[in-house]
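User: I'd like to learn how to read a structure like this one. Could you take me through it feature by feature?

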Amino acid sequence: MTPTLPEILRGNFMSLAQPPTAEMAGDFMTARVGVIALLNLLAAQEAARGMAAVVAENDAIEQILIAAKSDAVSCPRPGDIYTPAEFDARNAALRSALIELHAAAEARGDHATDRRILALYVTTAAGRRLELPPLPG
Amino acid sequence: MSIDAQIAAYLMRLWAAPVEVADLSRIPGGASRETYRFDATADGRTRHLILRRDPTGSLIDTDRRIEFQAYRTAFGRLPVPEPIAFEPEGAELERPFFLMERIDGGIVASPFSAAPFGQYAQEIGEAFFRHLGTLAAIDPAATPLGKIMPTPAPDTCWQVALDHWATVIDTDEAHPQPIVRAAIRRLRAHPPPPAQAVRIVHGDYRSGNIMHDGAGGILAILDWEMTHLGDPIEDLGWAFDPMWNHFDEGAVCGMIPRDRAIAIWEKASGLTVDPVALRWWSLFNAVKGQAIWTSAAREYRAGGCVDPVLGISGWYTARRHDEILADQLIAFAEVNS
């Protein structure tokens with residue numbers, strides 16, 4: 001998924017390290033620092049549970065692909081993967097295969113597979129959720 | 001040359017008089033334009049102005065000429081700042097920009113805030129949807145905007161809009177997005193009824209794009225950069241998106257219940273809201289949102305990840321819209337199987 005957690009954290013550092021111009025002083029910088037703080041809050045959530053969400057999503061997609069092998073949709077073969085970037089790359093491959101599978105199921109009117117995949121979308125989207133606390137008005 | 005000196009040089013040429021620029025500061029918020037406030041004094045008269053200039057990286061790639069003509073069209077009909085000047089080539093400011101009068105003393109709600117309108121939510125909500133209905137009642141043909149924008153046929157509004165945002169996703173996507181892809185296919189397979197009328201669509205009509213006075217009044221409707229001609233139900237679908245509900249599922253835009261909003265809009269516009277059309281445009285708007293966040297992520301990374309507004313747009317809001325899309329896909333499938 002993009003942006004990645006390292007990109008967010010590096011970006012926050014770069015945002016704060018850049019000296020503001022004169023016209024950025026005041027409300028603009030206050031708001032900018034507030035958004036950086038929010039990104040840090042969300043980054044903490046992602047560090048705590050983001051990898052688990054990716055692994056769960058990859059497993060769930062793989063199960064659906066395996067169950068639908070008769071659709072001739074290729075299921076990417078797992079390799080030895082250890083890093084977040086490798087899990088993310090595998091997620092991209094699995095998602096591409098899922099898109100293909102879903103489009104094929106729709107095309108032939110396979111409602112059962114369609115509903116199974118729609119339910120998967122709800123689960124995986126919830127798994128990736130970042131919780132933003134309500135801010136004061 | 002500093003920005004204030006550039007502005008002064010431009011205004012001196014425009015007004016053919018010496019100009020003093022003071023109190024220049026950048027305004028937080030939008031990531032699709034750089035927005036500055038300043039005062040300009042010429043011939044003893046001080047004008048309070050806003051500069052909207054194209055950034056080097058943008059959340060949305062839009063035509064600033066359209067935004068300027070949208071303000072010209074709305075001025076006098078709706079609460080908007082008066083547009084002053086437009087420079088498509090950038091002139092002294094090097095990048096395309098336009099100037100408009102500044103409306104002071106207002107509050108713009110953050111989309112991430114809870115209950116931003118407090119005890120005035122109902123009053124503001126009624127005005128908010130009445131203004132949107134007023135916009136939908138305008139015949140665009142004779143307006144400045146209507147003269148420069150293509151007018152789609154009523155039965156192609158949906159296709160023009162969907163093709164546009166699907167192309168944005170095709171162009172900017174860095175990681176496969178099965179949920180929004182499924183939504184695009186579903187929308188194509190089940191088109192909405194033709195538009196009752198082709199009207200001006202604000203394109204980003206939501207709680208964070210109005211300025212209110214903190215006492216129940218709307219001072220200005222802002223950010224017309226995505227304005228186009230199309231099905232006016234599109235704006236309702238966007239305003240009703242859960243992304244903008246301020247953590248209140250019982251109120252659209254954190255203001256009033258959905259049914260009340262529809263009734264006010266119908267009365268002001270003279271049009272009716274077909275539930276089938278609204279369902280289609282609601283799912284469409286979730287696709288549109290995801291397209292915007294996909295572009296934000298691309299711009300964020302391309303710019304070295306230094307703009308936190310692009311960062312949060314391409315990350316938090318993208319994931320939030322995936323959840324919204326997934327929920328709406330289930331509901332859409334239940335009535336379109």
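User: Let's start with charges. Which side chain does Arg47(B) meet in a salt bridge?

Analyst: First, some ground rules. This is a predicted model, so local features need pLDDT of at least 70 and side-chain atom pairs count only at pLDDT 80 or more, while totals for chains, interfaces and linings use all residues. Residues are numbered from 1 along each chain as its sequence is written, chains are lettered from A and ligands numbered from 1 in the order in which they are written, and side-chain values use heavy atoms, with hydrogens and water left out.

Now the idea: side chains of opposite charge can pair when their charged atoms come close. The rule for a salt bridge is a side-chain nitrogen of Lys or Arg within 4 Å of a carboxyl oxygen of Asp or Glu. Here, Arg47(B) meets Glu101(B), with 2.8 Å from N to O. The pair links distant parts of the chain: Arg47(B) is in strand S3 (residues 45–53) of chain B and Glu101(B) is in strand S5 of chain B, 54 residues apart. (Helices are DSSP runs of H or I with at least four residues, strands are runs of E with at least two, and both are numbered from the N terminus.)

User: Are those two residues buried or exposed?

Analyst: Go by relative accessible area: under 20% is buried, over 50% is exposed, and in between is partly exposed (1.4 Å probe, protein chains only). Arg47(B) is buried because its value is 16%, and Glu101(B) is buried because its value is 18%.

User: What does Glu92(B) pair with?

Analyst: Glu92(B) forms a salt bridge with Arg13(B), the closest N and O atoms being 2.8 Å apart. Glu92(B) is in the loop between strand S4 (83–87) and strand S5 (97–101) of chain B, while Arg13(B) is in helix H1 (residues 3–15) of chain B, 79 residues away. Glu92(B) has a relative accessible area of 25%, so we call it partly exposed. Over all chains, the structure holds 30 salt bridges.

User: Which residue of chain B does Glu106(A) bridge to?

Analyst: That's Arg186(B), again with the closest N and O atoms 2.8 Å apart. Glu106(A) lies in helix H3 (residues 84–107) of chain A and Arg186(B) in helix H6 of chain B, so this pair joins two chains. Glu106(A) counts as partly exposed because its relative accessibility is 22%, whereas Arg186(B), at 8%, counts as buried.

User: How much area do chain B and chain A bury between them?

Analyst: The size of an interface is often given as the accessible area lost when the parts come together. Buried area here uses a 1.4 Å probe and is summed over both parts. For chain B and chain A that gives about 4300 Å², 67% of it on carbon and sulfur atoms. His175(B), Trp315(B) and Arg319(B) supply 19% of the area that chain B buries against chain A, more than any other three residues. Counting contacts (heavy atoms within 4.5 Å), 45 residues of chain B and 52 residues of chain A take part.

User: How many salt bridges cross that interface?

Analyst: The rule finds six between chain B and chain A. One of them is Arg301(B) with Glu7(A), at 2.8 Å from N to O. On the side of chain B that touches chain A, strand S1 (20–26), H6, H9 and helix H10 (308–336) each give two or more residues. H10(B) provides the largest share, 16 residues.

Note on methods
Buried area = accessible area lost by both parts, 1.4 Å probe.
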